[in-house]
Amino acid sequence: MAIDSNSLTVLSYFSGLSVAELEVIKQSFFEKTIQRGEMIFLEEEPADILFFLISGIVKLFKTSAQGKEQIISLARPYEVLNDISIFDNGPNPMSAQAMSTVTLYGIKKGRLEVILRQHPQVSSRIIQVLATRTRQLISLVEDLSFKHVIGRVAKILLEHTGDGAGPGQRLTQQEMAAMAGTAREVVARSLKAMEERGLIRLERHRIVISDKNALQEMINQEV
Amino acid sequence: MIQMPEINQDKCNLCGLCIEICRCGAIILVGNIVSFIEIEECHWCTLCEAICPTGALTCSFEIIIEER
Ligand code: SF4
Ligand code: SF4
(Lines give C-alpha, C1' and ligand atoms only; values in the text may rest on other atoms or scores of the structure.)
(Ligands and ions follow the chains in the order given, each with its own letter.)
Protein backbone atom coordinates (compact mmCIF):
# COMPACT_ATOMS: atom_id res chain seq x y z
CA MET A 1 0.00 0.00 0.00
CA ALA A 2 1.24 3.47 -0.86
CA ILE A 3 1.91 5.93 1.92
CA ASP A 4 -0.70 8.67 1.98
CA SER A 5 0.85 12.10 2.47
CA ASN A 6 -2.43 13.39 3.91
CA SER A 7 -1.97 10.96 6.80
CA LEU A 8 1.58 12.27 7.28
CA THR A 9 0.28 15.85 7.60
CA VAL A 10 -1.87 14.78 10.55
CA LEU A 11 1.16 13.39 12.41
CA SER A 12 2.31 16.01 14.88
CA TYR A 13 5.96 15.46 13.86
CA PHE A 14 5.32 16.71 10.35
CA SER A 15 2.68 19.39 10.79
CA GLY A 16 3.63 22.60 9.05
CA LEU A 17 5.68 20.94 6.30
CA SER A 18 4.81 21.72 2.68
CA VAL A 19 3.16 19.21 0.36
CA ALA A 20 6.37 19.01 -1.64
CA GLU A 21 8.43 18.23 1.46
CA LEU A 22 5.97 15.55 2.55
CA GLU A 23 6.08 13.98 -0.89
CA VAL A 24 9.82 13.48 -0.44
CA ILE A 25 9.58 12.36 3.20
CA LYS A 26 6.92 9.77 2.46
CA GLN A 27 9.40 7.82 0.33
CA SER A 28 11.19 6.82 3.53
CA PHE A 29 8.09 5.27 5.10
CA PHE A 30 6.57 1.83 4.73
CA GLU A 31 3.17 0.56 5.76
CA LYS A 32 2.48 -2.42 7.97
CA THR A 33 -0.79 -4.11 8.90
CA ILE A 34 -1.10 -5.95 12.22
CA GLN A 35 -3.99 -8.16 13.29
CA ARG A 36 -5.80 -7.80 16.60
CA GLY A 37 -3.91 -9.41 19.44
CA GLU A 38 -0.53 -9.44 17.70
CA MET A 39 2.45 -7.80 19.39
CA ILE A 40 4.05 -4.84 17.62
CA PHE A 41 7.10 -4.64 19.85
CA LEU A 42 8.19 -5.99 23.22
CA GLU A 43 9.43 -4.31 26.37
CA GLU A 44 13.22 -4.47 26.78
CA GLU A 45 13.85 -5.25 23.12
CA PRO A 46 16.00 -2.89 21.05
CA ALA A 47 14.17 -0.60 18.61
CA ASP A 48 15.23 0.27 15.10
CA ILE A 49 11.98 1.42 13.52
CA LEU A 50 9.82 4.34 14.59
CA PHE A 51 6.13 3.49 14.34
CA PHE A 52 3.18 5.81 13.89
CA LEU A 53 -0.33 4.49 14.39
CA ILE A 54 -2.45 5.36 11.35
CA SER A 55 -5.62 3.39 12.05
CA GLY A 56 -6.84 1.15 14.84
CA ILE A 57 -5.95 1.03 18.53
CA VAL A 58 -2.71 -0.02 20.24
CA LYS A 59 -2.27 -0.92 23.88
CA LEU A 60 1.02 0.30 25.39
CA PHE A 61 1.80 -1.54 28.59
CA LYS A 62 4.42 -2.72 31.03
CA THR A 63 4.57 -6.15 32.61
CA SER A 64 5.73 -6.54 36.22
CA ALA A 65 8.08 -9.27 37.44
CA GLN A 66 4.97 -11.07 38.73
CA GLY A 67 3.51 -10.98 35.22
CA LYS A 68 0.95 -8.27 36.00
CA GLU A 69 0.07 -5.89 33.21
CA GLN A 70 -0.06 -2.14 33.70
CA ILE A 71 -1.62 -0.25 30.80
CA ILE A 72 0.29 2.96 30.21
CA SER A 73 -2.03 4.18 27.49
CA LEU A 74 -4.35 3.18 24.69
CA ALA A 75 -2.95 4.85 21.59
CA ARG A 76 -5.37 6.32 19.08
CA PRO A 77 -4.74 7.01 15.39
CA TYR A 78 -1.90 9.40 14.52
CA GLU A 79 0.01 8.86 17.76
CA VAL A 80 3.69 7.91 17.72
CA LEU A 81 4.30 4.60 19.52
CA ASN A 82 7.98 4.26 20.39
CA ASP A 83 9.83 7.55 20.11
CA ILE A 84 11.56 7.16 23.48
CA SER A 85 13.63 4.12 22.51
CA ILE A 86 14.34 5.54 19.06
CA PHE A 87 15.79 8.75 20.45
CA ASP A 88 17.61 7.51 23.55
CA ASN A 89 18.96 4.38 21.83
CA GLY A 90 17.75 2.28 24.73
CA PRO A 91 15.42 -0.72 24.71
CA ASN A 92 11.62 -0.33 24.46
CA PRO A 93 10.32 0.90 27.82
CA MET A 94 7.01 -0.87 27.18
CA SER A 95 5.29 -3.39 24.95
CA ALA A 96 2.74 -2.64 22.25
CA GLN A 97 -0.14 -4.88 21.22
CA ALA A 98 -2.79 -4.35 18.54
CA MET A 99 -6.28 -4.06 20.07
CA SER A 100 -7.94 -4.07 16.63
CA THR A 101 -6.68 -4.44 13.08
CA VAL A 102 -3.96 -1.84 12.99
CA THR A 103 -2.23 0.09 10.21
CA LEU A 104 1.20 1.46 11.04
CA TYR A 105 3.60 3.68 9.17
CA GLY A 106 7.17 2.79 9.99
CA ILE A 107 10.46 4.52 9.30
CA LYS A 108 13.95 3.18 9.92
CA LYS A 109 15.99 5.14 12.42
CA GLY A 110 18.71 5.91 9.86
CA ARG A 111 16.20 7.34 7.37
CA LEU A 112 14.63 9.44 10.12
CA GLU A 113 18.02 10.90 11.00
CA VAL A 114 18.45 12.03 7.40
CA ILE A 115 15.03 13.73 7.49
CA LEU A 116 15.95 15.48 10.73
CA ARG A 117 19.13 16.86 9.19
CA GLN A 118 17.29 18.09 6.11
CA HIS A 119 14.24 19.48 7.94
CA PRO A 120 15.29 20.95 11.29
CA GLN A 121 11.72 22.13 11.97
CA VAL A 122 10.75 18.44 12.39
CA SER A 123 13.20 18.29 15.31
CA SER A 124 11.47 21.17 17.06
CA ARG A 125 8.11 19.45 16.62
CA ILE A 126 9.57 16.25 18.10
CA ILE A 127 10.93 18.15 21.10
CA GLN A 128 7.46 19.58 21.67
CA VAL A 129 5.83 16.13 21.46
CA LEU A 130 8.38 14.66 23.88
CA ALA A 131 8.00 17.55 26.31
CA THR A 132 4.21 17.20 26.35
CA ARG A 133 4.55 13.48 27.06
CA THR A 134 7.10 14.12 29.81
CA ARG A 135 4.65 16.49 31.47
CA GLN A 136 1.88 13.84 31.32
CA LEU A 137 4.21 11.20 32.74
CA ILE A 138 5.29 13.49 35.59
CA SER A 139 1.71 13.91 36.71
CA LEU A 140 1.18 10.14 36.41
CA VAL A 141 4.28 9.47 38.54
CA GLU A 142 3.00 11.92 41.12
CA ASP A 143 -0.36 10.13 41.30
CA LEU A 144 1.14 6.66 41.38
CA SER A 145 3.82 7.37 43.95
CA PHE A 146 1.79 9.38 46.45
CA LYS A 147 -0.43 6.87 48.10
CA HIS A 148 -3.27 9.31 48.69
CA VAL A 149 -4.98 8.62 45.37
CA ILE A 150 -6.17 5.20 46.51
CA GLY A 151 -7.54 6.85 49.67
CA ARG A 152 -9.36 9.42 47.57
CA VAL A 153 -10.88 6.67 45.41
CA ALA A 154 -11.95 4.80 48.57
CA LYS A 155 -13.62 7.96 49.83
CA ILE A 156 -15.46 8.45 46.53
CA LEU A 157 -16.75 4.86 46.69
CA LEU A 158 -18.04 5.24 50.25
CA GLU A 159 -19.68 8.56 49.47
CA HIS A 160 -21.60 7.12 46.55
CA THR A 161 -22.94 3.86 47.89
CA GLY A 162 -26.51 2.74 47.45
CA ASP A 163 -28.14 -0.03 49.48
CA GLY A 164 -28.32 -2.39 46.51
CA ALA A 165 -32.12 -2.43 46.62
CA GLY A 166 -33.02 0.44 44.34
CA PRO A 167 -31.07 2.07 41.54
CA GLY A 168 -28.22 3.67 43.47
CA GLN A 169 -25.97 6.38 42.21
CA ARG A 170 -23.82 5.31 39.27
CA LEU A 171 -20.29 6.44 38.53
CA THR A 172 -17.91 5.80 35.66
CA GLN A 173 -14.16 5.38 36.10
CA GLN A 174 -13.80 8.60 34.14
CA GLU A 175 -15.99 10.44 36.66
CA MET A 176 -14.10 8.95 39.61
CA ALA A 177 -10.87 10.13 37.99
CA ALA A 178 -12.22 13.66 37.61
CA MET A 179 -13.36 13.66 41.27
CA ALA A 180 -10.02 12.30 42.53
CA GLY A 181 -8.11 14.71 40.30
CA THR A 182 -6.20 11.95 38.57
CA ALA A 183 -6.03 9.93 35.36
CA ARG A 184 -8.51 7.18 34.52
CA GLU A 185 -5.67 4.63 34.48
CA VAL A 186 -4.82 5.47 38.09
CA VAL A 187 -8.43 4.89 39.17
CA ALA A 188 -8.47 1.54 37.35
CA ARG A 189 -5.27 0.59 39.13
CA SER A 190 -6.58 1.70 42.53
CA LEU A 191 -9.77 -0.34 42.08
CA LYS A 192 -7.72 -3.39 41.09
CA ALA A 193 -5.49 -2.96 44.15
CA MET A 194 -8.56 -2.75 46.42
CA GLU A 195 -9.99 -5.87 44.81
CA GLU A 196 -6.72 -7.75 45.32
CA ARG A 197 -6.78 -6.80 49.00
CA GLY A 198 -10.33 -8.17 49.25
CA LEU A 199 -11.90 -4.80 50.06
CA ILE A 200 -14.17 -4.62 47.04
CA ARG A 201 -15.44 -6.90 44.27
CA LEU A 202 -15.68 -5.68 40.71
CA GLU A 203 -18.74 -7.25 39.15
CA ARG A 204 -20.30 -6.47 35.80
CA HIS A 205 -21.42 -2.81 36.20
CA ARG A 206 -21.29 -3.07 39.99
CA ILE A 207 -18.65 -2.32 42.59
CA VAL A 208 -19.48 -4.27 45.72
CA ILE A 209 -17.82 -3.01 48.89
CA SER A 210 -17.11 -6.11 50.95
CA ASP A 211 -15.03 -4.49 53.69
CA LYS A 212 -16.37 -1.04 54.47
CA ASN A 213 -14.27 -0.65 57.61
CA ALA A 214 -11.03 -1.36 55.82
CA LEU A 215 -11.91 1.26 53.21
CA GLN A 216 -12.66 3.74 55.96
CA GLU A 217 -9.29 2.98 57.55
CA MET A 218 -7.62 3.54 54.22
CA ILE A 219 -9.14 7.01 54.07
CA ASN A 220 -8.17 7.82 57.67
CA GLN A 221 -4.56 6.77 57.04
CA GLU A 222 -4.30 9.25 54.21
CA VAL A 223 -5.52 12.25 56.17
CA MET B 1 -32.78 -6.95 29.86
CA ILE B 2 -29.00 -6.89 29.92
CA GLN B 3 -27.49 -3.63 30.98
CA MET B 4 -25.06 -2.20 28.44
CA PRO B 5 -22.75 0.82 28.36
CA GLU B 6 -24.49 4.06 27.39
CA ILE B 7 -23.85 6.43 24.56
CA ASN B 8 -24.60 10.11 24.18
CA GLN B 9 -25.22 10.43 20.45
CA ASP B 10 -24.73 14.22 20.57
CA LYS B 11 -21.11 13.76 21.61
CA CYS B 12 -20.33 10.87 19.22
CA ASN B 13 -18.23 11.80 16.19
CA LEU B 14 -18.55 8.33 14.61
CA CYS B 15 -14.80 7.67 14.75
CA GLY B 16 -15.53 3.94 15.20
CA LEU B 17 -12.78 3.31 17.77
CA CYS B 18 -15.24 1.76 20.27
CA ILE B 19 -16.42 -0.71 17.63
CA GLU B 20 -12.82 -1.63 16.88
CA ILE B 21 -11.78 -2.16 20.49
CA CYS B 22 -14.78 -4.20 21.68
CA ARG B 23 -13.83 -7.87 21.68
CA CYS B 24 -17.35 -9.25 21.91
CA GLY B 25 -18.96 -7.41 19.01
CA ALA B 26 -21.44 -5.64 21.28
CA ILE B 27 -21.02 -2.30 19.52
CA ILE B 28 -22.28 -1.90 15.97
CA LEU B 29 -23.04 0.84 13.51
CA VAL B 30 -26.71 0.97 12.54
CA GLY B 31 -26.95 3.44 9.70
CA ASN B 32 -25.15 6.42 11.15
CA ILE B 33 -25.70 5.56 14.78
CA VAL B 34 -23.38 3.69 17.13
CA SER B 35 -25.56 1.15 18.96
CA PHE B 36 -25.18 -1.63 21.51
CA ILE B 37 -26.45 -5.18 21.18
CA GLU B 38 -27.56 -6.60 24.51
CA ILE B 39 -25.22 -9.52 24.99
CA GLU B 40 -23.88 -11.22 28.08
CA GLU B 41 -20.42 -11.50 26.57
CA CYS B 42 -19.90 -7.82 27.43
CA HIS B 43 -18.07 -8.24 30.73
CA TRP B 44 -17.81 -4.49 31.37
CA CYS B 45 -14.13 -4.26 30.50
CA THR B 46 -14.75 -0.48 30.03
CA LEU B 47 -12.27 -0.31 27.15
CA CYS B 48 -14.92 1.37 24.98
CA GLU B 49 -15.19 4.18 27.53
CA ALA B 50 -11.40 4.41 27.78
CA ILE B 51 -10.84 4.75 24.05
CA CYS B 52 -13.74 7.10 23.23
CA PRO B 53 -12.05 10.41 22.42
CA THR B 54 -15.14 12.55 22.99
CA GLY B 55 -16.48 11.11 26.25
CA ALA B 56 -19.65 9.98 24.47
CA LEU B 57 -19.48 6.48 25.88
CA THR B 58 -19.92 5.59 29.53
CA CYS B 59 -19.66 2.34 31.48
CA SER B 60 -21.02 3.28 34.86
CA PHE B 61 -20.82 1.23 38.05
CA GLU B 62 -23.41 1.05 40.76
CA ILE B 63 -21.61 1.13 44.09
CA ILE B 64 -23.19 -1.01 46.80
CA ILE B 65 -22.21 -2.23 50.25
CA GLU B 66 -22.41 -5.95 50.76
CA GLU B 67 -24.84 -7.07 53.43
CA ARG B 68 -23.08 -9.14 56.02
S1 SF4 C 1 -17.45 -2.78 28.14
FE2 SF4 C 1 -15.97 -3.95 26.91
S3 SF4 C 1 -17.14 -5.71 26.21
FE4 SF4 C 1 -18.66 -4.23 26.94
S5 SF4 C 1 -19.23 -3.05 25.13
FE6 SF4 C 1 -17.52 -1.93 26.09
S7 SF4 C 1 -15.68 -2.73 25.07
FE8 SF4 C 1 -17.36 -4.15 24.62
S1 SF4 D 1 -15.48 5.93 20.28
FE2 SF4 D 1 -16.93 7.48 21.03
S3 SF4 D 1 -16.97 9.04 19.44
FE4 SF4 D 1 -16.02 7.23 18.51
S5 SF4 D 1 -17.74 6.12 17.57
FE6 SF4 D 1 -17.52 5.28 19.63
S7 SF4 D 1 -18.94 6.49 20.89
FE8 SF4 D 1 -18.65 7.64 18.97
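**View 1. The area buried between chain A and chain B.** In this predicted model, about 3,100 Å² goes under between the two chains, 54% of it from carbon and sulfur atoms (buried area is the accessible area, with a 1.4 Å probe, that two parts lose on being put together, summed over both). On the chain A side, A:Arg76, A:Arg170 and A:Arg204 lose the most area to chain B, together 21% of what that side buries. The contact (heavy atoms within 4.5 Å) draws 37 residues from chain A and 31 residues from chain B.

**View 2. Salt bridges between the chains.** Two salt bridges link chain A and chain B (a side-chain nitrogen of Lys or Arg within 4 Å of a carboxyl oxygen of Asp or Glu). A:Arg201 makes one with B:Glu66, with the closest N and O atoms 2.7 Å apart.

View 3. β8(A) and β5(B), residues 60-65, run antiparallel and are joined by three bridges (strands are DSSP runs of E, at least two residues, numbered from the N terminus; two strands pair if DSSP finds at least two bridges between them). Here A:Arg170 has B:Glu62 as its bridge partner.

**Notes for all views.** Residues count from 1 along each chain as its sequence is written, and chains are lettered from A, ligands numbered from 1, in the order in which they are written. Local features need pLDDT of at least 70 and side-chain atom pairs 80 or more, while totals for chains, interfaces and linings use all residues, and side-chain values use heavy atoms, leaving out hydrogens and water.

Conventions. Helix = DSSP H or I, 4+ residues; strand = E, 2+ residues; numbered from the N terminus.
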